[in-house]
Amino acid sequence: MSIHNPNADDSKEPNASPQQQKQMEQAYAQMKRKMAMEEIGRKIKHKIMVLSGKGGVGKSTVSTGLALSLAQQGHSVGILDIDITGPNVPKMMGLDGRRLHVEEGRIHPAQGHLGVKVISMAFLLEDEDTPVVWRGPIKLGAIQQFIGDVEWGELDYLVIDFPPGTSDEPLTVAQSLPNIDGMVIVTTPQDVALLDSRKSITFSESLKVPVLGVVENMSGYTIRGKTASSTEVIISGPGGKSHKVSSDGDGNFSVTLDIFKEGGGKDTAEEFGVPFLGALPFDPGFVRGGDDGVHRIVSEPDGESAKAFSKVVEAIVEQIGESSSEGLEIV
Amino acid sequence: MSKTIPELKRLERRDLDVLLSYDNDKNFVVTYDDIKHACPCAKCAPQRNEDESSRYLRREIEAMSPEKPKVKTVGKYAISFEWINGCSSGIYRFERIWALANKLDPDDGKSYVHGAW
């Protein structure tokens, strides 16, 4: 880059040193990226952050589920997998081993099931067994590049999947990407996960990003069976709890067992005065689907899990609204 | 959280308070000092757990110069206030605003629980 001032007397002005030239180029690149981020902010209607305080609660499963469920409803959707050190979204979206296309300095996302656009660190790894060991500033640069240099096009929703905890990543995204609608906190009904979810809710206040609500994952496991018609069956559940169910006229019965605890996510949401978006059942199909790259919502679009996701999406859309100030006049 | 309350239709920012109009045709006035004192954020809320720290918080708020805040909606469930002086982090659910309008305890008698961090 060179900037020429026609009024300046070039013969008297010393040329910029290579270091100054480099600094100017860096500043120019930074400014271009900032402008690109603002442009992206305008082109993407809604941005949803998905966080959890604790790892292993199924955050990436929920992120991909939300994205696919939104896509199922006809929205154009993208997922930004910001989990730099453990990116799993491409595998769940059937994009394992894919490479990103770069054209004129812009990164073009890969397209997974139902046309969902995906950007993930996994696309840049030579070998999936190679760990990414980056310190904060490098990670921060990569995240800014993932936001500013990606050609998302026009999107209705961008779902951003984070690593667990309250670290640099959400902070960087919240500071870089304008007009984030809010964050969805994923939890499981166990005390440690609920405790960490509370941290995430408090964290949202520091980031000044509203909490759209809490989703309870692995909420209950439904078992089904067949016996004589109109018979009472006693099922022994976790913790020695007995469940009495009656079969229908054809002898079918079903009961949902709370594998961990009941209603923890709802209680946490109520305690902090944030919406409870719904509970997602414990579904072994998610594990198989994640491993095979065919998400449960894609393989069974009318199944129980897809229905549960659809309800959560409805609750999120209700929170966001097309116009957030609708109905209330502020003067 | 899921209490049924009338819908807030209009919020008028006045010099020292807000005038709230609900869809049941009732109007209420809530002072900015009351709003600031009821901030639900993790920094302010624990200060209301004890009478003494709550009184201290109140005195701090009352010592601030009066100002008209910026108000914006948060999703469809809450509003937030942006002050020059004082804490702007709190997200006020409509239930909290309704409680303040009706001179009820916005914390519903519950102390703020931090968890173990």
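How are α2(A) and α10(A) oriented to each other? Helix α2 (residues 59-72) and helix α10 (residues 304-320) of chain A have axes that come within 9 Å and cross at roughly 80°. The two helices are therefore roughly perpendicular to each other, a label given to angles of 65 to 115 degrees, while angles under 35 count as roughly parallel, over 145 as roughly antiparallel, and the rest as oblique. Axes here are lines fitted to C-alpha atoms, for helices over the stretch in contact, with angles running from 0 to 180 degrees between N-to-C directions. On the α2(A) side the contact is made by A:Gly65, A:Leu66, A:Ser69 and A:Leu70, and on the α10(A) side by A:Phe309, A:Ser310, A:Val312 and A:Val313. Two residues are in contact if their C-beta atoms, placed from the backbone, lie within 7 Å.

Before we go on, a word about the model and its labels. This is a predicted model, in which local features need pLDDT of at least 70, side-chain atom pairs count only at pLDDT 80 or more, and totals for chains, interfaces and linings use all residues. Residues are numbered from 1 along each chain as its sequence is written, and chains are lettered from A and ligands numbered from 1 in the order in which they are written.

Let us look at chain A as a whole. Its secondary structure comes to ten helices and 15 strands; helices (H or I, at least four residues) and strands (E, at least two) are DSSP runs, numbered from the N terminus. Of its 331 residues, 41% count as buried. A residue is buried if 20 or more other C-beta atoms lie within 10 Å of its own, exposed if 12 or fewer, and partly exposed in between, with C-beta atoms placed from the backbone. Among contacts in chain A between residues at least 6 apart in sequence, 76% join residues at least 24 apart.

A:Leu158 is buried, with 28 other C-beta atoms within 10 Å.

Back in chain A, A:Val50 is in contact with residues including A:Val62, A:Val159, A:Ile160 and A:Val184, leaving aside its neighbours within four places in sequence.

In strand β10 (residues 221-226), the count of buried residues among its six residues is zero. β10(A) pairs with strand β13 (residues 252-257) in the antiparallel sense over six bridges, and A:Arg224 stands opposite A:Ser254. Strands pair if DSSP finds at least two bridges between them. A:Leu114, in the loop between β5 (110-111) and β6 (117-120) of chain A, has a positive phi near 55° in a residue other than glycine. With 19 C-beta neighbours inside 10 Å, A:Leu114 counts as partly exposed.

Now to chain B, which has three helices and six strands in the pattern β-β-β-α-α-β-β-β-α along the sequence. Of its 117 residues, 28% count as buried. Three of its strands form an open antiparallel sheet in the order β4-β5-β6. The edge strands are β4 (70-74) and β6 (91-93), each pairing on one side only. Three bridges join β5 (residues 78-82) to β6(B), with B:Ala78 standing opposite B:Arg93. Helix α3 (residues 94-101) of chain B lies across β5 and β6, running at about 75° to β6(B).

Helix α2 (residues 51-62) of chain B has one buried residue among its twelve. The loop between β2 (17-22) and β3 (27-31) of chain B holds B:Asp25, whose phi is positive, near 65°. B:Asp25 is exposed, with 8 other C-beta atoms within 10 Å.
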